[in-house]
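Please look over the structure shown below before reading on.

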Amino acid sequence: TFHGVTDAPAVDVYVNGQIKAVDNLDFRQFSQVNSIPAGNYELGIRVAGGDEDVVKFGLQLPEQILGSTGVVFASGFLTVDDEGMT
């Protein structure tokens, strides 16, 4: 997991709302490597130490990609500024 959201604080990443997979990840940091078995998951991103998801993503890992490596990469802006950017 890579944190590339310039205006977001440190984050935690939860899997299916229960398992904390990433703890206190700051902007420009990569997390440790996590092994995840095939299946369908929901990733929830929370402000570090928070108890509510800021955003959720679906993640489908079919059997065919077992043994592969991937990166969850968050980039952009969290808030809208006066110029209308997001």
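## The second largest pocket

Sorted by class, the residues that line the second largest pocket comprise 18 nonpolar, four polar and one charged. The elements that each give two or more residues to this lining are β1 (2-5), β2, β4, β5 and β6. The volume of the second largest pocket is about 410 Å³, and of the 23 residues that line it, Val5, Ile45, Val55, Phe57 and Ala74 lie nearest its centre.

These descriptions, like everything else in this report, rest on a predicted model.

## The largest pocket

The volume of the largest pocket comes to about 690 Å³. Its lining is made up of 27 residues, and those closest to the centre of the pocket are Asn34, Ile36, Thr69, Gly70 and Val71. At least two residues of this lining come from each of β2, β3, β4 (39-47) and β5 (55-61).

Which classes of residue are found in the lining of the largest pocket? There are 18 nonpolar and nine polar residues in that lining, and no charged ones.

## Confidence in the model

The mean pLDDT of the protein is 86, with 92% of the residues reaching 70 or more. Among the elements, strand β2 (residues 11-15) has the highest mean pLDDT, at 95, whereas strand β6 (residues 73-76) has the lowest, at 82.

## Overall build

The protein contains six strands and zero helices, so that reading from the N terminus gives the order β-β-β-β-β-β. Along the principal axes, the C-alpha trace spans about 45 × 25 × 20 Å.

Of the 86 residues in the protein, 24% count as buried.

## How the strands pair

β1 and β6 pair in the parallel sense over four bridges, and within this pairing the bridge partner of His3 in β6 is Ala74. In a regular strand, the side chains alternate between the two faces of the sheet. In β1, Phe2 and Gly4 point one way while His3 and Val5 point the other way, and all of these residues are buried.

β2 and strand β3 (residues 19-25) also pair over four bridges, in the antiparallel sense, and the partner of Val13 in β3 is Val22. The hairpin formed by β2 and β3 has three residues between the strands, and in this hairpin Asn16 takes a positive phi near 55°.

## A buried serine in a loop

Ser31 is placed in the loop between β3 and β4. Is Ser31 buried or exposed? Ser31 counts as buried because its relative accessibility is 16%, which is under the cut-off of 20%. Leaving aside residues up to four places away in sequence, Ser31 touches Thr1, Val22 and Leu25.

How values were computed. Residues numbered from 1 in each chain as written. Predicted model: local features only at pLDDT ≥ 70, side-chain atom pairs only at ≥ 80, totals over all residues. Heavy atoms only, no water. pLDDT = per-residue confidence, 0-100. Pairing = 2+ DSSP bridges. 1 Å grid on protein atoms, 1.4 Å probe; cavity = no way out; pocket = protein on both sides within 12 Å on 5 of 7 lines; lining within 4 Å. Points joined across faces, edges and corners; volume = space filled by probe spheres on them. Nonpolar A, V, L, I, M, F, W, Y, C, P; charged D, E, K, R; others polar. Buried < 20%, exposed > 50% of the residue type's maximum accessible area, 1.4 Å probe, protein only. Contact = heavy atoms within 4.5 Å.
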